[in-house]
Amino acid sequence: MTKYYPDEMDENGNYHYGYFEAYFTEPARKAYLIYSGQNLAGFAMLNPHSYIGHKVDFVIAEFCVFPAYRRQHIAQKASEFILKKHPGKWEIKFNGNNLGAKKLWEKVTQKYNPAVHHINDDETVLEFSNC
């Protein structure tokens, strides 16, 4: 994501993510590992904190499929699995400069007819219910 956001690495070469531990201690947060066969191909993190101040059940806070596994429909299958597993009111935010994310989220959410919120020049939130 450093291609789209100005995140800095720490002295050990890691990116700080202040909520990481909370995904393993707070029941309202969910973390998923995405696999391709036996290989770790990415991850997804969900929480209930709206980007636009609305009442939501789930927000995709982080979603990543590693470059070696892209263009294999892994992201689409993983996102559809997660949405099916968690019916409710959703928000998904993406950076419009990230054309892969834009295409993925617009395709996956199309059947839910999402409301589109532009929260700044670069970021869009798709709001929908999949109940």
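**Ground rules.** I number residues from 1 along each chain as its sequence is written, and side-chain values use heavy atoms, with hydrogens and water left out. Because the model is predicted, local features need pLDDT of at least 70 and side-chain atom pairs count only at pLDDT 80 or more, while totals for chains, interfaces and linings use all residues.

**Sheet.** I looked up the strand order first. I found 6 strands in an open sheet, ordered E1-E2-E3-E4-E6-E5, with mixed pairing. Strands (E, at least two residues) and helices (H or I, at least four) are DSSP runs, numbered from the N terminus. Two strands pair if DSSP finds at least two bridges between them. Which strands stand at the edges? They are E1 (30–36) and E5 (115–118); each has a single partner strand, so one side of each is left without a neighbour in the sheet.

I then checked E2 (residues 39–47) against E3 (residues 58–65). They run antiparallel and are joined by 6 bridges. Leu46 has Ile60 in E3 as its bridge partner.

**Helices.** I noted that H1 (residues 74–85) lies across E1, E2, E3, E4 (89–95) and E6 (123–129), at about 145 degrees to E1. H2 (residues 99–109) lies across E3, E4 and E6, at about 160 degrees to E4. Axes are lines fitted to C-alpha atoms, for helices over the stretch in contact (heavy atoms within 4.5 Å). Angles run from 0 to 180 degrees between N-to-C directions.

**Buried side of H1.** Which residues of H1 are buried? I listed Ile74, Ala75, Gln76, Ala78, Ser79, Ile82 and Leu83. Buried means under 20% relative accessible area, exposed over 50%, and partly exposed in between (1.4 Å probe, protein chains only). The buried residues of H1 pack against E1, E2, E3, E4, H2 and E6.

**Core.** I looked up the largest nonpolar core, which has 24 residues. Such a core is a set of buried Ala, Val, Leu, Ile, Met, Phe, Trp, Tyr and Cys residues joined through side-chain atoms within 4.5 Å. Ile34, Leu46, Ile60, Phe63, Val65, Trp90 and Trp105 touch the most other members. H1 supplies the largest share of this core, 5 residues. Not counting residues up to four places away in sequence, Ile34 touches residues including Phe43, Phe63, Val65, Ile74 and Ala78.

**Loop proline.** Is Pro67 buried or exposed? Pro67 counts as exposed because its relative accessibility is 61%. I found Pro67 in the loop between E3 and H1.
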